[in-house]
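Dear colleague,

I am passing on the structure that we spoke about, with the sequence alongside, and my notes follow below it.

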Amino acid sequence: MFTGIVTDVGEVAAVEGSQGTLKRLRIHSSYDPATIVLGASIACGGPCLTVVAFGEREGGCWFDVDAAAETLERTTVGEWQAGTRVNLERSLKIGDELGGHIVTGHVDGVAAIVAKEAITAGDDPWGPTARFTLKVPPALAPFIAEKGSVCLDGTSLTVNTVNDDMFSVLIIPHTLAVTTWGDRQVGDRLNLEVDLMARYAARLADARRAG
């Protein structure tokens, strides 16, 4: 379980060829290797992936994760190459602050950036914010609600506006600086996880209609 609050930006160091339905990726991070264990869950750019190997390196650690067929089909992980930067978040521990919203790391689909607008408030010392407009697959559009929560590339965000299968989010200067959002451009594809409550509410409504 995660919150969508990014704690590090890692970098894909290597991508191994597929073994059956698996693809292995090595990620460099600034996390302390003493805090990593085999089998740990780390949200990497949104998807929850399992650490299958790890070690120490200068400035932090490296860890390996395997992406299975479902992950490769539903997310952007299959597009990652050496040098790709990814938002990272460690799984929650009992007593941790829930700063974003409840995130499972189970990506529902991929959203595409269709517009980006920089917003500058005079001589704001913190720098500009940015508004992004994204297009989602039609099947996921009903799960996106104004003022609701979404997780995009592992980042918990509040939906500003919704128009059919498009919605917008506003990214503050801090988030632009400490996540991969500062690199995002029109045409980029992002991993989307809809709000958990919206998912279960829709399933309950379907069950009632079927009954």
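Which side chains meet in a salt bridge with 2.9 Å from N to O? They are those of D188 and R184, where a salt bridge is counted when a side-chain nitrogen of Lys or Arg lies within 4 Å of a carboxyl oxygen of Asp or Glu. R184 is buried, with a relative accessible area of 16%; buried stands for under 20% relative accessible area, exposed for over 50%, and partly exposed for what lies in between, with a 1.4 Å probe and protein chains only.

Before the rest, a word on how the notes were made. This is a predicted model, in which local features need pLDDT of at least 70 and side-chain atom pairs count only at pLDDT 80 or more, while totals for chains, interfaces and linings use all residues. Residues are numbered from 1 along each chain as its sequence is written, and side-chain values use heavy atoms, with hydrogens and water left out.

Confidence and overall make-up

The mean pLDDT of the protein chain is 90, and 88% of its residues reach 70 or more; pLDDT is the predictor's confidence in each residue, on a scale from 0 to 100. The chain has three helices and 12 strands, these being DSSP runs numbered from the N terminus (helices are H or I with at least four residues, strands are E with at least two). Of the 211 residues, 42% count as buried. Among contacts between residues at least 6 apart in sequence, 68% join residues at least 24 apart, a contact being heavy atoms within 4.5 Å.

Six strands close into a barrel in the order 7-8-11-10-9-12, with antiparallel pairing, and the twist averages 45 degrees from one strand to the next. Two strands are said to pair if DSSP finds at least two bridges between them. K135 forms a salt bridge with D165, the closest N and O atoms being 2.6 Å apart. K135 lies in strand 8 and D165 in the loop between strand 10 (155-163) and strand 11 (166-171), so this pair ties together parts that are 30 residues apart in sequence. K135 is partly exposed, with a relative accessible area of 39%.

Strand 3 (residues 41-44) and strand 4 (residues 48-57) run antiparallel and are joined by three bridges, with T50 in strand 4 as the bridge partner of S41. They form a hairpin with three residues between them, and G45 in the turn has a positive phi of about 65 degrees. Strand 4 is also joined to strand 5 (residues 60-67), in the antiparallel sense, by six bridges; in this hairpin, which has two residues between the strands, G59 takes a positive phi near 90 degrees. Strand 6 (residues 85-90) runs antiparallel to strand 1, with four bridges between them, and V9 stands opposite N87. Strand 6 is likewise joined to strand 3 by three antiparallel bridges, where A43 stands opposite E89.

D64 and its surroundings

The residue I would look at in strand 5 is D64, which stands opposite A53. The side chains of R26 and D64 meet in a salt bridge (2.7 Å, N to O), and the pair links distant parts of the chain, with R26 in strand 2 (residues 23-29) and D64 in strand 5, 38 residues apart. Leaving aside neighbours within four places in sequence, D64 is in contact with R24, L25, R26, T50, V51, V52 and A53. The C-alpha atoms of D64 and F54, 10 residues apart along the chain, are separated by 6.1 Å. A search of the whole structure finds eight salt bridges, including the one between R26 and D64.

Note on methods:
Axes fitted to C-alpha atoms, helices over the stretch in contact; angles between N-to-C directions.
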